[in-house]
Amino acid sequence: MIVRMPILQVQNLVKKFNGTTAVDGISFAIEEGKITGLLGPNGAGKTTTILMLLDLVTPTGGTISIFGKDMRHHREEILSKVNFSSPYVALPSNMKVWENLTTFARLYGVKDVKGKIEELVDFFDIRAFLPKMTATLSTGQLTRLNLTKALLNDPKLLFLDEPTASLDPDIADRTRTMLKRIQKERGVTILYTSHNMAEIDELCERVIFLQAGKIVDDGTPKELVIKYGRKDLNEVFLSIARNNNHASTQN
Amino acid sequence: MRLHRISALLFRHLYLYKRSVPRLMDVFFWPVIELLLWGFISLYLQKFDMGGLNIVTVLLGAIIFWDLLSQSQRAVSVAFLEDVWERNFLNIFVTPLTVGEFMVSAVLLGLVRVALVGAVMAVLAFALYHLNIFAFGFSLIPFAANLLLFGWAAGLFATAIILRYGTSAQVIAFSLLFLVQPLSAVFYPASVLPEGVRFFAYLLPSTHVFEGMRTVIATGSFPYAELGWAFLTNAICLFLSIRYFYYMFARVKEQGRLMKLD
Ligand SMILES: Nc1ncnc2c1ncn2[C@@H]1O[C@H](COP(=O)(O)OP(=O)(O)O)[C@@H](O)[C@H]1O
Ligand SMILES: [Mg+2]
């Protein structure tokens, strides 16, 4: 029998910031080609987890293995096929859009820099912004630019931290459509955080619930709705967040 | 080390310099002002009898060399600060870029800036004061190279300090060398320094460079010992700065501050 190797495997991952435990011994694996949602209230440890998976924050303990390789020993190799986007991490505003894209394409060692940018600016419909200063782009345009940057190296695995935060409903909806296309047309595996439960429900085949640094549940949105006997994922979220956080909601 | 990643960062800075007046002023304007200032001072001093000392050559040579050093240091520190100011660290270190490649690209930017400033100042010194710094042949080149190296070490050190204390410490990036300038015997021989201070002065590569440079200009003979000391102290400074930078970078990742650097 052939066991499919997960694209990402995390074992007993811990992060302590002098005193506070942000991530408290989580283990999970992600299979290739899916969109997985990482949910949880503010401060649950979602961002910290993603930053550790990208070797931007050093874990206190545990192991991370991506494409079957240990992050500690294969950082360059892994990161060349991974990418990341978050509206909280903007590209330099004092550079032109094409300068930013060219710089990152070169950093990733893209063979045909021009051709890759050409292909992606059409996919995201941002060709008209190429000669503009990045500072002049609107939030929605920046989101598309960030996603363009995130696809420059044809990643196999994409981490998105609240990609639709601060977008209006129309642009958020277009962004979701783009994410679905990225996953379908390019076969990219996506790990993704959001506070919008309807969005998670629409996009994710699987959700992992984090609470106070621990995984408290894991399953398809449908499974969780049934398991908690609620009418939608939003209610499941409230139920989990409030039950497990009894002490702090009392005061 | 991958060349394409180092050059990607270098090109990124060239994009910025190309259209930024403040950045170009930093390279071209201030060195020219300094050259004019010190040129006029030395022209004035020339009127007094200095016992055969060529004051124009000594002072102008000193200021040109000093600027090479300070350009080298500032280029390295500013290359780093550009990413702090634009909060770009997460983006660049989410690529396969390594800390070593990052340092090398900063250091190469220093080299480019030093070459530009050196050329501008050499031409101006010749046009305005008939000082040909190449008249000393190749003797001054190894000393200039040491200034470049010391600028790298100081630049990386200032950068590591900013990693540790945030941009509230960025004034260090612009003033660090002025702290060592009095000890470096730029405009006067180290022998005028008080006894107790002189020992510390000789720990600095810059002191050996400026002593050596004066020997070349005044006597025409080549001070091998000074050059040796300059290389030795530089090797130590560079080693310590690079280690300190790696250490601070690892600490920043430990504390989860890469995203929050400012
Ligand atoms: N660099 C840091 N230093 C100290 N504490 C941090 C740092 N980053 C995150 N934390 C803490 O770790 C916990 C998890 O934060 P985070 O991962 O940002 O949560 P989320 O993304 O789920 O909202 C929070 O309590 C937060 O205050
Ligand atoms: Mg977060």
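**Stop 1: where the chains meet**

Show chain A and chain B together: about 2900 Å² is buried between them, and carbon and sulfur atoms give 58% of that area. Buried area is the accessible area (1.4 Å probe) that two parts lose on being put together, summed over both. On the chain A side, select Leu56(A), Arg106(A) and Leu107(A); these lose the most area to chain B, together 24% of what that side buries.

Before going on, note that this is a predicted model, in which local features need pLDDT of at least 70, side-chain atom pairs count only at pLDDT 80 or more, and totals for chains, interfaces and linings use all residues. Residues are numbered from 1 along each chain as its sequence is written, chains are lettered from A and ligands numbered from 1 in the order in which they are written, and side-chain values use heavy atoms, with hydrogens and water left out.

How many residues of chain A are in contact with chain B? There are 34, and they touch 32 residues of chain B. Contact means heavy atoms within 4.5 Å.

**Stop 2: a helix pair across the interface**

Select helix H3 (residues 97-107) of chain A and helix H1 (residues 3-19) of chain B. Helices (H or I, at least four residues) and strands (E, at least two) are DSSP runs, numbered from the N terminus. The two helices pack at about 165°, with axes 8 Å apart. Axes are lines fitted to C-alpha atoms, for helices over the stretch in contact, and angles run from 0 to 180 degrees between N-to-C directions. H3(A) and H1(B) are therefore roughly antiparallel. Angles under 35 degrees count as roughly parallel, over 145 as roughly antiparallel, 65 to 115 as roughly perpendicular and the rest as oblique.

Now show side chains. Among those in the contact are Trp98(A), Thr102(A) and Arg106(A) from H3(A), and Leu9(B), Phe11(B) and Tyr15(B) from H1(B). The contact has six nonpolar, three polar and six charged residues. Here Ala, Val, Leu, Ile, Met, Phe, Trp, Tyr, Cys and Pro count as nonpolar, Asp, Glu, Lys and Arg as charged, and the others, Gly among them, as polar.

**Stop 3: salt bridges**

Pick Glu99(A) and Arg19(B): their side chains form a salt bridge, 2.7 Å from N to O. The rule asks for a side-chain nitrogen of Lys or Arg within 4 Å of a carboxyl oxygen of Asp or Glu. Next, pick Asp55(A) and Lys253(B), another salt bridge, with the closest N and O atoms 3.1 Å apart. Asp55(A) sits in the loop between helix H1 (46-53) and strand S4 (61-66) of chain A, and Lys253(B) in helix H10 (residues 224-254) of chain B, so the pair joins two chains. Four salt bridges cross the interface of chain A and chain B. Over all chains the count is 29.

**Stop 4: inside chain B**

Select helix H3 (residues 55-85) and helix H7 (residues 171-180), both of chain B. Their angle is about 155° and their axes are 9 Å apart. That makes H3(B) roughly antiparallel to H7(B). Show Trp66(B), Leu69(B) and Trp85(B), among the H3(B) residues here; Phe174(B) and Leu177(B) are among their partners in H7(B).
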